[in-house]
Amino acid sequence: MKKLFFLLALLSLTTLQAQDDKKTLVDLAATEELSQEVVDLFQEMDIHTAFLKMAQYWPLPDNEIESLEGQTIRYLNMLSERFGEVQGSAKVKTEYIGDFAQRETYILRYEYSAIRIIFSYFRNDEGWVINAFKWDDSFEEEFIIDK
């Protein structure tokens with residue numbers, strides 16, 4: 001039991017240390033600039049640099065970010081074989097929850113399909129941090145329905 005408590009305490013300290021080393025973005029314009037920069041890097045297939053840029057503002061332990069980066073590289077390589085070459089990107093929308101949360105959605109177009117890239121930001125006492133990042137091929141959810 002003491003070993004389990006020690007391990008949990010060590011993991012908590014590691015997570016807190018990882019959070020202390022992170023920077024914050026000063027305002028919503030800075031979050032939008034970072035998102036666009038990361039999407040541009042995805043378009044160039046420079047995933048490593050994209051994750052390095054996000055890691056500065058993402059309060060996750062570095063090993064978790066590196067794992068996500070590795071998975072992303074593997075899957076995007078497979079997608080490139082199926083979807084063809086990247087053709088461009090487009091910002092779809094920005095959503096807000098009060099003055100403390102923002103979500104930006106982008107589409108990365110390939111020859112035969114597209115992926116959706118979503119950034120969620122959270123404002124704490126120091127500024128804005130990445131709260132979540134994900135990409136998937138569920139861009140159908142982004143269609144605008146005309147009435």
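Glu-142 is buried, at 13% relative accessible area. Buried means under 20%, exposed means over 50%, and partly exposed is in between, using a 1.4 Å probe and protein chains only. This is a predicted model, where local features need pLDDT of at least 70, side-chain atom pairs count only at pLDDT 80 or more, and totals for chains, interfaces and linings use all residues. Residues are numbered from 1 along each chain as its sequence is written, and side-chain values use heavy atoms, leaving out hydrogens and water.

Back to Glu-142. What does its side chain meet in a salt bridge? The partner is Lys-93, at 3.0 Å from N to O. A salt bridge here is a side-chain nitrogen of Lys or Arg within 4 Å of a carboxyl oxygen of Asp or Glu. Glu-142 sits in the segment after β4 and Lys-93 in strand β1, so this pair ties together parts that are 49 residues apart in sequence. Helices and strands are DSSP runs, numbered from the N terminus: helices are H or I with at least four residues, strands are E with at least two. Lys-93 is partly exposed, at 31% relative accessibility.

Now a second pair. Glu-95 forms a salt bridge with Arg-103, with the closest N and O atoms 2.8 Å apart. Both ends are partly exposed: Glu-95 at 26%, Arg-103 at 39%. Salt bridges with shared partners join these residues into one network: Lys-93, Glu-95, Arg-103, Arg-116, Lys-134, Asp-136, Glu-141 and Glu-142.

How many salt bridges are there by this rule? The count comes to 11. One of them pairs Asp-62 with Lys-22, with 3.1 Å between the closest N and O atoms. Asp-62 is in helix α4, and Lys-22 is in the loop between α1 (2-20) and α2, so the bridge ties together parts 40 residues apart in sequence. Is each end buried or partly exposed? Asp-62 is partly exposed, with a relative accessible area of 46%. Lys-22 is buried, at 16%.

Stay with strand β1, residues 86-97, for one more residue: Val-92 lies there. Val-92 is partly exposed, at 33% relative accessibility. Its contacts are Thr-105, Tyr-106, Ile-107 and Glu-142, not counting residues up to four places away in sequence. Contact means heavy atoms within 4.5 Å. Take Ile-107: it is 15 residues from Val-92 along the chain, and their C-alpha atoms are separated by 6.8 Å.

Next, the helices. Look at α3, residues 47-55. Which of its residues are buried? They are Ile-47, Ala-50, Phe-51, Met-54 and Ala-55. They cover an arc of only 130° around the axis, which puts them on the same side of α3. That arc is taken from the directions from the helix axis to the C-beta atoms. An α-helix has 3.6 residues a turn, so residues three or four places apart point the same way. What covers this buried side includes α2 (28-43), α4 (62-83), β3 (114-123) and β4 (128-136).

Take the two helices in turn. The axes of α3 and α4 come within 10 Å and cross at roughly 150°. Axes are lines fitted to C-alpha atoms, for helices over the stretch in contact, and angles run from 0 to 180 degrees between N-to-C directions. On the α3 side, Ile-47, His-48, Phe-51 and Ala-55 make the contact; on the α4 side, Ile-65, Leu-68, Glu-69, Thr-72, Ile-73 and Leu-76 do.

Then α2 and α3. Their axes are 8 Å apart and they pack at about 165°. So α2 is roughly antiparallel to α3. The contact residues of α2 are Leu-34, Glu-37, Val-38, Leu-41 and Phe-42. Those of α3 are Ile-47, Thr-49, Ala-50, Phe-51, Lys-53 and Met-54.

Thr-72 is in helix α4. Thr-72 is buried, at 6% relative accessible area. It touches Phe-42, Ile-47, Phe-51 and Trp-135, leaving aside residues up to four places away in sequence. Ala-55 is in helix α3 and is buried at 15%. Ala-55 and Lys-23 are 32 residues apart in sequence and 9.1 Å apart in space, C-alpha to C-alpha.

Notes. Parallel < 35°, antiparallel > 145°, perpendicular 65-115°, else oblique.
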